[in-house]
Amino acid sequence: MKNSKARKDHGDDALLAALRSCGPVAKGSLSSVRMRCAKKGCAACMAGTGHPAWIFAYRVDGRRKCLYVRKRDVPAVRAALERGRRVEALLLEEGMRLIESLRAEADAD
């Protein structure tokens, strides 16, 4: 039983260390869209092409929400999304490690 506790603590330490080193994280998606503006007589909108924009989409309570992202912030949001995917992978690994540890404890009893 002592060994499994040590393994759990080590896993917790590794997860926390990985999370601390990640920096800002995000879960969602980033999309390039074309939007209409509010200006009357806008040539781009009248032609149907609209204006390029970036949208960050995410879910809250199962409902899709969107936020406008400034063009200069797109690289930072992309990086946060990538880090978020890495965090999700770490959480999956932790879940698998937990199940394996619980099974090992049950087998030891």
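Leaving aside neighbours within four places in sequence, valine 74 is in contact with Leu30, Trp54 and Val69, where contact means heavy atoms within 4.5 Å. Valine 74 also belongs to the largest nonpolar core, whose eight residues are Ala26, Leu30, Phe56, Val69, Val74, Val77, Ala80 and Leu81. Such a core is a set of buried Ala, Val, Leu, Ile, Met, Phe, Trp, Tyr and Cys residues joined through side-chain atoms within 4.5 Å, and a residue is called buried under 20% relative accessible area, exposed over 50%, and partly exposed in between (1.4 Å probe, protein chains only). The largest share of this core, four residues, comes from helix H3. In soluble globular proteins, nonpolar side chains tend to be buried together.

The model is predicted, so local features need pLDDT of at least 70 and side-chain atom pairs count only at pLDDT 80 or more, while totals for chains, interfaces and linings use all residues. Residues are numbered from 1 along each chain as its sequence is written, and side-chain values use heavy atoms, with hydrogens and water left out.

Seen as a whole, the protein chain has three helices and three strands, which follow one another from the N terminus as α-β-α-β-β-α; helices (H or I, at least four residues) and strands (E, at least two) are DSSP runs, numbered from the N terminus. Of its 109 residues, 22% count as buried, and among contacts between residues at least 6 apart in sequence, 51% join residues at least 24 apart.

Helix H3 covers residues 74-108 and includes leucine 90, which counts as partly exposed because its relative accessibility is 21%. Leucine 90 and alanine 18 are 72 residues apart in sequence, yet their C-alpha atoms are 8.4 Å apart in space. Leucine 98 lies in helix H3 as well, and because its relative accessibility is 42%, leucine 98 counts as partly exposed.

What, then, can be said of the cysteines? The structure holds zero disulfides, a disulfide being a pair of cysteine sulfur atoms within 2.5 Å. Cysteine 37 is in no disulfide, and the nearest cysteine sulfur, that of cysteine 45, is 3.6 Å away, which is too far for a bond. Cysteine 37 is partly exposed because its relative accessible area is 29%, whereas cysteine 45 counts as buried because its relative accessibility is 6%.
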